[in-house]
Amino acid sequence: MAEQLICITCPLGCRLEVERLPAGGLSVSGNRCTRGARYAEEELLAPKRVVTATCRALPEDRCRVPVRTAAPFPKEKAGDLIRLLYSLEVRLPVRRGDVLVPDALGTGIPVIATRTLD
Amino acid sequence: MRELSYDAAVIGGGAAGMAAALEIRAAGLSCVILEREDHLGGILLQCVHNGFGLIEFDEELSGPEFAERMEERFRASGADAYLGVTVMDVEDAGDRKVLFGYSAEHGILRVSVRAVVLAMGCRERNRGNIRIPGARPAGVYTAGLAQRLVNMEGYLPGKDAVIIGSGDIGLIMARRMSWAGAKVHGVVEILPYPSGLTRNIVQCLHDFDIPLYLSHLTTGIFGGDRVESVEIAPIEDGAVRFEKAFRIPCDTVLLSVGLVPENELSKKMGVELNPMTNGPWTDSRMMTNVPGIFAAGNVLHVHDLVDYVAEEARRAGAACARWIRGEGPGRELRVKAGPNVRYTAPCRVGPESPNKLYLRTLIVKNDAVLEVRLDNRVVQSRKKAHIQPSEMISVTLDPKDLAGAGPDSVLEIAIL
Ligand SMILES: Cc1cc2nc3c(=O)[nH]c(=O)nc-3n(C[C@H](O)[C@H](O)[C@H](O)COP(=O)(O)OP(=O)(O)OC[C@H]3O[C@@H](n4cnc5c(N)ncnc54)[C@H](O)[C@@H]3O)c2cc1C
């Protein structure tokens, strides 16, 4: 059965129809350029998102610490990562770019602070 | 009372204010930012998601990272900033302007300058502005306020949410509420198409299986002490089908129904506003009708990308510096928003120098054409693969496009 996707590589927003071929690989239609096929491949085979959150700061009366993955992160693990980040406590001071989680859920991708708070 | 004197003052220390101040300093003039909050960066600090800075820094950053990188440039420029200062009034004093600010730390601040850049940003429209009928229970928030509560204070406004309006802030908050542990039961949009970016529809709604109700009117908000449900009805062929209305149970409603430039202070100074943008009318230099008062960023017109805010504010800052040095503009030409164009900012161009304009269209279309006409003669025509009201369009005009313009010429921008 064909799956429907909207390509978000550019503002055109092509509506893609993607079929998984029995021999492996994908057949993509509806794309107006080759980037659409690449997008479909990544979205269906290995979707990734930059995950962002804020963590509780210590001492507690301070503004929360915004964080993000340093690179796009596997989407299927995003929910688990989010739960981890929302339970994390960060002792101040923290500098923008500080690594707070060196290897998030075994992906090798670090989580970094995105704001300096003294 | 504390007295200060500078060449220029910038009101508001968000992305626009910092970018404008940078350019004023770069021209060798002294400059101060007066900012109400106790930090620079403005709205960016609560936008902890990704998607900022691709143009300004050639990198995809979160809001706080963008703000901090701008602030580093700002600090290095040698401009001053007074934080925790709300500007209450600006008086005309001959060839100078006097700003009155109030702060808990300094008391009254009196700042005398030659010129002012307005960079106060915008505020959210609330329920009163869009008149949703029904009860007045607790649990109704604007999306931006909810964003601040969740991201900066760690407080989740509710467990079961409905979002009214499909602007980018609402979409971003649909994802944030889901990530923070709430369930979002739907996003309701009165128009037949979403008002946010497609990228946000995909990554904030589809990723979480959140339904998007297009062409639906919110007919009521119900509840006692706390919200219990939202009632919506489809719009078919231009008519609301009340008999098909249904209720979505929820304990929280987020309103994402638009932003309004923050111009109370501007009006007090005699600055005239364009009803299409609720921001000041400006000439090609981004100067308002009051000589020496410039405007840029969300106070001028609501932007969706901070990179454009910074770019526009740099031009306003540079023009402010030229004005202080006494370099007047040459001739100016009026710009008319033609077919399918809601507005352009600025609304004038100078035929002697290169110009950049931002505009918004009224329509959604693939394979559109943007036409620039000088007295009904087409001087520039460009293909646009896709346009929609939520995506701002920029146009660059070369002096040669405007050659032959007379004193009464009109430049029209149209989308076909
Ligand atoms: C919720 C949200 C999500 C967004 N998401 C994105 C995105 O994903 N990508 C992107 O590129 N852009 C995004 N944007 C757009 C972009 O971030 C903003 O348009 C931009 O940051 C606005 O900058 P500004 O300086 O004009 O206004 P602001 O940042 O609002 O700054 C105005 C400042 O003026 C101060 N001020 C106001 N009145 C006074 C006064 N009387 N005296 C002293 N100070 C005063 C305020 O305190 C504030 O700090 C988003 C915007 C919002 C609101």
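Predicted model: local features only at pLDDT ≥ 70, side-chain atom pairs only at ≥ 80, totals over all residues.

Modeller: Is A:Thr114 buried or exposed? Its relative accessibility is 0%, and since buried means under 20%, A:Thr114 counts as buried.

So who are its neighbours? Apart from residues within four places in sequence, A:Thr114 touches A:Pro66, A:Val67, A:Arg68 and A:Arg96 in chain A, and B:Ser62, B:Pro64, B:Glu65 and B:Glu68 in chain B. With one of these, B:Ser62, there is a polar contact from side chain to side chain, at 3.3 Å.

That contact takes us over to chain B, where we can look at a sheet. Five of its strands make an open sheet, ordered S6-S3-S2-S10-S24, with parallel pairing. At the edges stand strand S6 (80-83) and strand S24 (293-295) of chain B; each has a single partner strand, so one side of each lacks a neighbour in the sheet. On average, and ignoring direction, neighbouring strands here are turned by 20° against each other. Inside the sheet, strand S2 (residues 8-11) and strand S3 (residues 31-35) of chain B run parallel and are joined by four bridges. If you want a landmark, find B:Val10, which stands opposite B:Ile33 in S3(B). Helix H8 (residues 306-324) of chain B packs on this sheet, where it touches S2, strand S10 (115-118) and S24 of chain B. The direction of H8(B) makes about 165° with that of S24(B).

Chain B has another open sheet of five strands, in the order S12-S20-S13-S14-S15, and the pairing is parallel there too. Its edge strands are strand S12 (140-142) and strand S15 (212-213) of chain B, each pairing on one side only. Strand S13 (residues 160-164) and strand S20 (residues 252-255) of chain B run parallel, with four bridges between them, and B:Val162 faces B:Val253 in S20(B).

Helix H4 (residues 143-153) of chain B lies across S12 and S20 of chain B, at about 90° to S12(B). H5(B) lies across S13, strand S14 (183-188) and S20 of chain B, at about 170° to S13(B). These helices also pack on each other: the axes of H4(B) and H5(B) are 9 Å apart, at an angle of about 35°. Among the residues making that contact are B:Ala143, B:Gly144 and B:Val150 of H4(B), and B:Ile169, B:Gly170 and B:Met173 of H5(B).

H5(B) has a further helix partner. The axes of helix H5 (residues 168-179) and helix H6 (residues 198-205) of chain B come within 8 Å and cross at roughly 20°, which makes H5(B) roughly parallel to H6(B). The contact includes B:Leu171 and B:Ile172 of H5(B), with B:Ile201 and B:Leu205 of H6(B). H5(B) passes H6(B) in a left-handed crossing, and H4(B) passes H5(B) in a left-handed crossing as well.

One last stop is strand S28 (residues 355-361) of chain B. Six of its seven residues are buried, so S28(B) is largely enclosed by the rest of the structure. Strand S26 (residues 341-345) of chain B runs antiparallel to S28(B), joined by four bridges, with B:Thr344 opposite B:Leu359. S28(B) also pairs with strand S31 (residues 393-397) of chain B, again antiparallel, over five bridges; there, B:Lys356 has B:Thr396 as its bridge partner.

Methods
Residues numbered from 1 in each chain as written. Chains lettered and ligands numbered in written order. Heavy atoms only, no water. Buried < 20%, exposed > 50% of the residue type's maximum accessible area, 1.4 Å probe, protein only. Polar contact = N/O pair within 3.5 Å; in protein donor to acceptor, adjacent residues only side chain to side chain. Contact = heavy atoms within 4.5 Å. Helix = DSSP H or I, 4+ residues; strand = E, 2+ residues; numbered from the N terminus. Pairing = 2+ DSSP bridges. Axes fitted to C-alpha atoms, helices over the stretch in contact; angles between N-to-C directions. Parallel < 35°, antiparallel > 145°, perpendicular 65-115°, else oblique. Left-handed = near helix turned anticlockwise from the far one by under 90°.
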